[in-house]
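Hello,

Here is the structure I said I would pass on. My notes on it follow below.

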Amino acid sequence: MSTFKLERRDVAPKRRYVTQSPLCFQFPELAPRSLFMAAPPPAHLRVRQSERLLEVEWSPTNIARIPFKLLRTECPCAACVDEMTGERILDPATIPEDISPSKLEFSGNYALKVTWAGGHDTGLYTWDRLDEIAQCLKSS
Ligand SMILES: [Zn+2]
């Protein structure tokens, strides 16, 4: 039984999604999905190459237009962000102004995987993360 619990912990979503009772942590499949994912999947994702941005549409009245460079800067992967401290390792000054994605893929139904021109492909942008970036854009 203890082994079973350990395995469950290993596959549990990242800490920041788990804010409810410890039960949810051990048995994430029993918990309502909203406990782990605040942001729903977008209805549409559009790459606007000419405008250098990713358009994320949750609804016709809730559309975020995220510039490629910002999206690249906010890459959440372990090479770009220290997993322990949450500190950004990536220096935004090293990102070319004309950075653009070469490929977008869905990772399951919870995230967008972006491959950047130049080959960086380890970033998984969860819907929550895209929503956070969108909120930053709105408030700036
Ligand atoms: Zn990265």
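Two strands count as paired if DSSP finds at least two bridges between them. Helices (H or I, at least four residues) and strands (E, at least two) are DSSP runs, numbered from the N terminus. The model is predicted, so local features need pLDDT of at least 70 and side-chain atom pairs count only at pLDDT 80 or more, while totals for chains, interfaces and linings use all residues. Residues are numbered from 1 along each chain as its sequence is written.

The sheet: three strands form an open sheet with antiparallel pairing, in the order 1-2-3. Strand 1 (44-48) and strand 3 (62-67) are the edge strands, each pairing on one side only. From one strand to the next, the twist averages 15°. Five bridges join strand 1 to strand 2 (residues 53-59) in the antiparallel sense, and His44 stands opposite Glu57 in strand 2.

Helix 4 (residues 127-139) lies across strand 2 and strand 3 and runs at about 85° to strand 3. Axes here are lines fitted to C-alpha atoms, for helices over the stretch in contact, and angles run from 0 to 180 degrees between N-to-C directions. Contact means that the C-beta atoms of two residues, placed from the backbone, lie within 7 Å.

Ala43 sits in the loop between helix 2 (22-26) and strand 1. Ala43 touches Glu57, Trp58 and Ser59, leaving aside residues up to four places away in sequence. Ala43 and Glu57 are 14 residues apart in sequence, and their C-alpha atoms are 5.7 Å apart in space. Is Ala43 buried or exposed? Ala43 is exposed, because 12 other C-beta atoms lie within 10 Å; the cut-offs are 20 or more for buried, 12 or fewer for exposed, and partly exposed in between.

Regards
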